[in-house]
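The following paragraphs go through a protein model, taking up its charged pairs and then its ligand site. Please look over the chains before reading on.

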Amino acid sequence: MEELVAEAHAPSQLNPDAAPILEVENLQMYFPVRSHGLVRRVVGQVQAVDGVSFQLGAGSSLGLVGESGCGKSTTGRAITRLYEPTGGAIRFEGKDIARISPKNLKPIRRDIQMIFQDPYTSLNPRHTVGTIVGAPLEIHNLVPKDKVLPRVQEILEVVGLNPEHYNRYPHEFSGGQRQRIGIARALMLQPKLLVADEPVSALDVSIQAQVVNLLQDVQKEFGIAFLFIAHDLAIVRHFCPEIAVMYLGKIVEIADRETLYSRPHHPYTQALLSAVPDVRQAAVGGRRERIRLTGDVPSPINPPSGCRFRTRCSLAKEICAKVEPPLLQVGARHKVACHFPGELGHAPQTPVTTGICGVDAQGNTVAGQTADIQLNAPGYDTTWLDLATGQRTGA
Amino acid sequence: MTIPASEMEGHAVPPLGESEEGVAGKVAGRSPTQLAMARFRADKLSMISFYVSCFVVFAAVASPILVKIGVFDPDGLNQDKLNTDLGGIPHGAFGGVSWSHPLGLTPGNGEDLLSRLSFSMTYSLGIALTGTLITVLIGVVLGIISGFSGGFVDATVGRFIDLTLSFPQTMMLLALAAPTVLLIRKDVSELPLLGFLENPDLANGLFVVIILSAFGWPPVARVVRGQVLSIREREFIEAAKLIGASRKRLYFKEVLPNVWAPILVYTTLLIPAYISAEAAFSFLGVGIKPPTPTLGNILRDSVSWTTADPTYFFLPGIVLALTVVAFNLVGDGARDALDPKTHR
Ligand SMILES: Nc1ncnc2c1ncn2[C@@H]1O[C@H](COP(=O)(O)OP(=O)(O)OP(=O)(O)O)[C@@H](O)[C@H]1O
Ligand code: SF4
Ligand SMILES: [Mg+2]
């Protein structure tokens with residue numbers, strides 16, 4: 001068994017050539033808001049996820065980061081098809097699973113599994129560990145009944161639990177051990193994609209590293225692709241070579257780890273990052289200004305017009321209220337949704353998106369100009385907008 | 001009244017270690033049910049009530065056998081032991097208590113009271129238990145379905161509950177008794193396998209069971225629905241959906257074990273309620289008629305002997321009260337044991 005504070009494994013590396021196992025395109029998940037009373041009319045929509053696109057390579061991992069309520073869990077639950085998405089496509093191994101009927105989902109369940117945030121509610125308190133971890137095998141009829149227990153014990157060993165504890169109940173385990181049980185259950189069907197919804201945020205800091213290491217081990221051993229959801233950038237930095245930042249139902253910036261952490265271009269990412277303690281900066285004695293996000297996250301029922309971040313953005317200008325910034329590719333593996341993208345303190349004076357959106361610098365529509373390239377496709381283009389020159393360039 | 005279960009818990013059931021490696025190797029796994037049983041056993045009053053209830057159940061089961069082999073004789077008329085001059089009061093003290101009739105005789109008819117009271121348990125408990133079973137079955141199934149599905153299904157079941165609760169139950173009971181029992185005896189008994197319903201006692205008993213269950217299920221459904229509403233939001237339900245669990249599995253393997261506790265408590269409390277309800281029905285003249293004994297019709301007969309034969313008047317009442325109280329305390333004990341958080 002590990003020591004209490006486990007040593008961190010080496011960070012996972014990006015394999016840019018991995019074939020995409022998951023492509024999410026323009027995913028939308030709206031929840032109807034109903035009036036009270038006898039006739040429960042739909043009076044609005046919670047736009048929990050609104051137009052999210054990304055790509056995830058086989059065996060790779062993508063971090064999904066954002067404040068509470070920005071739609072991370074909803075994205076994860078739509079991808080695992082716990083929810084039926086309102087719109088968009090979820091292509092898993094090339095096949096769109098967004099519209100598959102619940103009846104035909106069963107085979108897909110084997111390939112896409114999830115690790116839940118709360119180890120205290122994600123295990124049925126009335127079932128033994130053996131029942132919980134063995135259930136996937138039983139439901140899918142994968143092995144004869146007498147072979148279930150050996151498989152359960154095998155997997156318990158893999159996740160670092162005593163295989164003899166299979167007849168215990170969840171309440172007899174600590175939070176970290178419970179999370180391992182949840183991981184064992186998810187691994188039982190040998191999935192190709194794991195959605196980990198804040199798998200360690202409910203745990204003690206001393207145990208977080210152990211569980212993250214375990215996840216890294218199983219990822220390497222079984223070649224599982226991860227969608228790793230977290231509400232801060234510290235944990236995903238280690239785990240994910242690629243990271244997407246969400247705000248109010250949309251991805252505002254997505255990039256490989258090095259770019260996102262050293263050259264974030266979106267004011268929101270910069271604010272999130274300023275809250276992460278940076279070891280290197282501490283070493284050279286530098287101090288980073290902490291950017292405080294003021295105000296509350298607006299309601300997803302009635303999000304702000306234009307850029308959804310504008311109510312809390314220090315750079316916001318007229319155009320931000322009128323035109324929604326497209327998710328623009330600004331590097332080989334870097335996209336950002338802002339009219340004024342740039343490194344901290346080096347934001348451009350004029351919006352870089354006028355040509356693409358067909359508007360002038362104030363955000364008014366220009367006659368005869370129409371929106372240019374098709375945006376919001378998952379993955380990256382071979383050419384992108386170079387912010388320094390304002391021209392399209394390639395590698 | 002009783003020692004709060006939560007205080008007992010600390011001594012009887014020490015909580016297990018919480019540290020990452022805290023669970024020691026040898027302690028056997030104790031399910032929540034086993035923990036609750038330990039708590040129940042630690043409560044004296046609950047245990048006494050439990051033994052009394054067991055005795056009542058034993059009497060109910062054993063009486064028909066004892067009647068058959070001739071130990072009990074609930075409707076043999078011992079006219080020779082009655083004082084005809086006093087209008088049929090039994091000879092001897094306390095309503096004719098003797099070795100052969102430990103609880104005396106019924107005035108007027110001269111039947112053995114012990115036999116009658118014991119045998120009445122068979123019918124009273126039989127009706128109460130059957131009624132409880134059907135009530136809980138209907139309530140649980142409708143409660144789980146309506147709580148889990150929500151939306152239209154939930155709303156429909158909700159309306160149905162309101163409708164049932166607003167029905168004039170007692171009026172229905174009295175008005176429908178005679179025609180319904182007749183229907184059961186004449187027509188329903190024609191159906192295959194239901195021939196036994198020609199027996200008037202069984203037909204009358206069935207009518208009471210139907211009335212009890214038809215009007216008794218809404219509270220069960222409500223309790224279960226409320227529980228299911230909170231349980232279906234827990235992540236283990238989503239986890240079960242994710243591994244491909246069928247609806248049936250979700251209802252009965254994931255949800256049901258988690259609502260067992262309130263169902264069990266409600267069931268144990270429903271039994272005494274139905275025992276007294278059956279007694280009240282018989283008292284009103286609905287249900288099984290003499291000479292077949294039930295707690296209710298013995299009580300009904302005994303009230304006319306209040307002053308003439310007080311033993312006969314009091315004994316059936318005491319037996320009924322004891323039975324109901326004992327079952328109720330078992331229910332209370334079960335509730336405390338299953339949910340140590342509730343304080344009284
Ligand atoms: N089933 C639902 N019905 C209605 N609204 C919902 C539902 N699920 C989520 N929402 C709303 O959608 C928004 C996004 O929720 P989501 O749980 O995805 O956020 P999150 O990013 O996971 O936050 P957290 O970090 O708190 O887990 C929230 O405003 C939430 O209130
Ligand atoms: S588009 Fe405007 S409001 Fe939105 S982040 Fe960029 S500068 Fe801020
Ligand atoms: Mg969440």
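E93(A) is partly exposed, at a relative accessible area of 44%. The model is a predicted one, and in it E93(A) forms a salt bridge with K192(A), with 3.2 Å between the closest N and O atoms. E93(A) sits in the loop between β4 (87-92) and β5 (95-96) of chain A, while K192(A) sits in the loop between α5 (175-187) and β7 (193-197) of chain A, so the pair ties together parts that are 99 residues apart in sequence. K192(A) is also partly exposed, with a relative accessible area of 33%.

Side chains of opposite charge can pair when their charged atoms come close. Over all chains, the structure holds 26 salt bridges. One of them links R77(A) to E235(B), where the closest N and O atoms are 3.8 Å apart. Because R77(A) belongs to helix α1 of chain A and E235(B) to helix α9 (residues 235-242) of chain B, this pair joins two chains. Buried means under 20% relative accessible area. R77(A), at 9% relative accessibility, therefore counts as buried, and E235(B), with a relative accessible area of 12%, is buried as well.

D146(A) and K147(A) give another salt bridge, with a distance of 3.8 Å from N to O. Here D146(A) counts as exposed at 57% relative accessibility, and K147(A) counts as partly exposed at 43%. Elsewhere, salt bridges with shared partners connect D50(A), K250(A), R308(A) and E324(A) in one network.

The ligand site comes next. Ligand 1 is surrounded by 14 residues, and the closest are S68(A), G69(A), K72(A), S73(A) and T74(A). By class, this shell consists of six nonpolar, five polar and three charged residues.

Which protein atoms lie 2.4 Å, 2.9 Å and 3.2 Å from oxygen atoms of ligand 1? At 2.4 Å there is a polar side-chain atom of S68(A), and at 2.9 Å a polar side-chain atom of K72(A). For C70(A), the atom concerned is a polar backbone atom, 3.2 Å from an oxygen atom of the ligand. Ligand 1 taken alone exposes 630 Å², and the protein buries 65% of that area.

Two elements of chain A, β2 (42-57) and α1 (72-79), each give two or more residues to the shell around ligand 1. Helix α1(A) gives the most, with three residues. R77(A), the chain A partner in the salt bridge to E235(B), lies in that helix.

Notes:
Residues numbered from 1 in each chain as written. Chains lettered and ligands numbered in written order. Predicted model: local features only at pLDDT ≥ 70, side-chain atom pairs only at ≥ 80, totals over all residues. Heavy atoms only, no water. Near = heavy atom within 4 Å. Polar contact = N/O pair within 3.5 Å; in protein donor to acceptor, adjacent residues only side chain to side chain. Areas by Shrake-Rupley, 256 points an atom, 1.4 Å probe, with all protein chains shown as cover. Helix = DSSP H or I, 4+ residues; strand = E, 2+ residues; numbered from the N terminus. Nonpolar A, V, L, I, M, F, W, Y, C, P; charged D, E, K, R; others polar. Salt bridge = Lys/Arg side-chain N within 4 Å of Asp/Glu carboxyl O. Buried < 20%, exposed > 50% of the residue type's maximum accessible area, 1.4 Å probe, protein only.
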